[in-house]
Amino acid sequence: MCGIVAYIGKKEASPIIMEGLKRLEYRGYDSAGISIYNGDVKTYKKQGKVLELEKLIEGKDLSGSMGIGHTRWATHGRPNDVNAHPHVSNNGEIVLIHNGIIENYASLKSALQELGYTFESETDTEVLVNLIEEVQKSKGLLIEEATRQALNMVVGAYAIVLFDSKDPEKIVGAKNSSPLVCGVGESEMFLASDATPIVKYTDKVIYIEEDEIITINKNGSYSIVNLDNEVSANPIKHIDLKLETIEKAGFEHYMLKEIYQQPITIAESMRGRINAAEGWARLGGMDQYTKRIKQAERIILTACGTSWHAALIAEYLFEELARIPTEVEYASEFRYRNPIIRQDDFIIALSQSGETADTLAAIKLAKQKGALIYGIVNVVGSSIARETHAGSYTHAGPEIGVASTKAFTSQLTVLSLMAIILGYERGVITQGYYRQLLTELESIPRKVEKILQNDDHIKYIASEIKDANNSLYLGRGYNFPIALEGALKLKEISYIHAEGYPAAEMKHGPIALIDMHMPIVVIATNKRNYEKVVSNIEEVKARKGIIIAIVSEGDTEIKKLADFAIEIPNVEDPLTPLLSVIPLQMLAYHIAVMRGCNVDQPRNLAKSVTVE
Ligand code: G6P
């Protein structure tokens, strides 16, 4: 969601900013813009992809060593050229980009209109830049102080970056809920929504914390204060983000690369945490709180999107293997329903990006109520990772495709490990079963590789069902959340309407939709309830639905009934989701490509949802 990039230094700013905007494309956006200062300010903005902006600036003089760039995901006002950022204040001097929502923008706008300010766009951002101008003008302040005072009048979530053309040796940034990171180079400074536009130039970063305002200067110096004007001394950190990990590496799409990386990323999620031969498993993040976690009366998992599906699987895992009552809740609902949270609750927040606004707000709420908060997060140093008491990184590496794949299986790996550890330590599972599960977990990467070898077969199935308008995904037990995830993958990237259901619930509604045009994906690998799934398939066949069955190797019965079958290797039930999701990711990918969809950046979606 909205990408921010800014540069000040000695180099030409526009190529760095344009390249940065391309790196931020994965976040999801619908327009892009750039402002460069060189004696005066030149601003160009365009609806559509960064490519459109590139065409617009072709042949234009954009020389200058200071500038800001933005990719906008529309909140206030349609995605068009006028609403695109940067926005310039009425006196033409202050130029600003913004990620987030200014909730009290309407009252601020009326007040500014009474003072004679006019507005070209429908955005809350244009209100903010004029508010800063007004505070600066009326009090004769430097831009950083005017920004601080203006932000004290604002309610909402934001990351902003701005400069004042009267004072062009500096750029100001500020953060509240939306992410902002500063890159510290050799006589050059950067600000960005994440480190991807920065890593080519420096591995030194400063994370801007809540309610902080940073000023970066042309000479490479910087200063940080908070909204109360207290000086902050945020440490410089080194990030280990290699450029090649954010490139496509010969794959046609990031999503395909990420699907194929899973044997490695799953292994990375386990590295140093498990040794089946020696019979141990350990999550370092749990060490400090082992006793509290083991004695937890209840686990509450909170997340959004695909991460929420991982949480649903964890509910099965924790209840079956560790016998701890577990609840799962959408972060957006959790935060607003005054939940009962007790001191002995153990809260787990799941997030790939570590920046999802609702998940972040949910954990802040739970923290206030005294619960122990554990983060399972992919992006190192992200807001959720910093906000939790303890946690485990999933170590899947950067995920660029909007539709989450490898981050999901890495979350499942960490959650499986956690449930196995807790189950053993609480005396619920025997040492024999504990070792068996560890051995099976270690074998997952090899088994995923085997599924990936089925690509041609899955592509063929995709070609047979690619023209469907609707589809249904059915699963039971551990495979019910996988049905939800399979359906989500398909609708996100191919725009085919897809719904996931617990297989038995089909009779309570979705069965009405089934006809000869309807593909129904049945995840039928569970050893438990096998006969019941067979009955569900018979019910679909009786209504002429097209069955695509995900079955275990050696299956004969369901294979006979299904129109198409995809085999996956055998594994203990609790670990099945790590395998059964893979063919569903591949199916969605191929269908989307065949339908000519933009697989990596599906319409309207954002990778990192930093507004509510
Ligand atoms: C967005 C993304 C999804 C993701 C969800 C939660 O909707 O498009 O892929 O699952 O946010 O994101 P998180 O980073 O918190 O896992």
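Which residue of β6 is the bridge partner of H87? In this predicted model, the partner is L96. The pairing between β5 and strand β6 (residues 94-102) is antiparallel and runs over two bridges.

Both strands belong to an open sheet of six strands. The order is β5-β6-β7-β8-β12-β13, and the pairing is antiparallel. The edges are formed by β5 (87-88) and β13 (222-226). Each edge strand has a single partner, so one side of each lacks a neighbour in the sheet.

Helix packing was examined next. Two packed helices are described by the angle between their axes and the distance between the axes. For helix α3 (residues 105-114) and helix α4 (residues 124-139), the axes come within 10 Å and cross at roughly 50°. Because of this angle, α3 is oblique to α4. The crossing of α3 past α4 is left-handed. On the α3 side, the contact is made by Y105, L108, K109 and L112. On the α4 side, D124, V127, N130, L131 and E134 take part. Five residues of this contact are nonpolar, one is polar and three are charged.

The structure contains 35 salt bridges. One of them joins the side chains of K175 and E210, with an N to O distance of 2.7 Å. K175 is located in strand β8 (residues 170-176), whereas E210 sits in the loop between β11 (204-207) and β12 (212-217). The pair therefore ties together parts that are 35 residues apart in sequence. Both β8 and β12 are strands of the six-stranded open sheet.

Methods: Residues numbered from 1 in each chain as written. Predicted model: local features only at pLDDT ≥ 70, side-chain atom pairs only at ≥ 80, totals over all residues. Heavy atoms only, no water. Axes fitted to C-alpha atoms, helices over the stretch in contact; angles between N-to-C directions. Helix = DSSP H or I, 4+ residues; strand = E, 2+ residues; numbered from the N terminus. Parallel < 35°, antiparallel > 145°, perpendicular 65-115°, else oblique. Left-handed = near helix turned anticlockwise from the far one by under 90°. Contact = heavy atoms within 4.5 Å. Nonpolar A, V, L, I, M, F, W, Y, C, P; charged D, E, K, R; others polar. Pairing = 2+ DSSP bridges. Salt bridge = Lys/Arg side-chain N within 4 Å of Asp/Glu carboxyl O.
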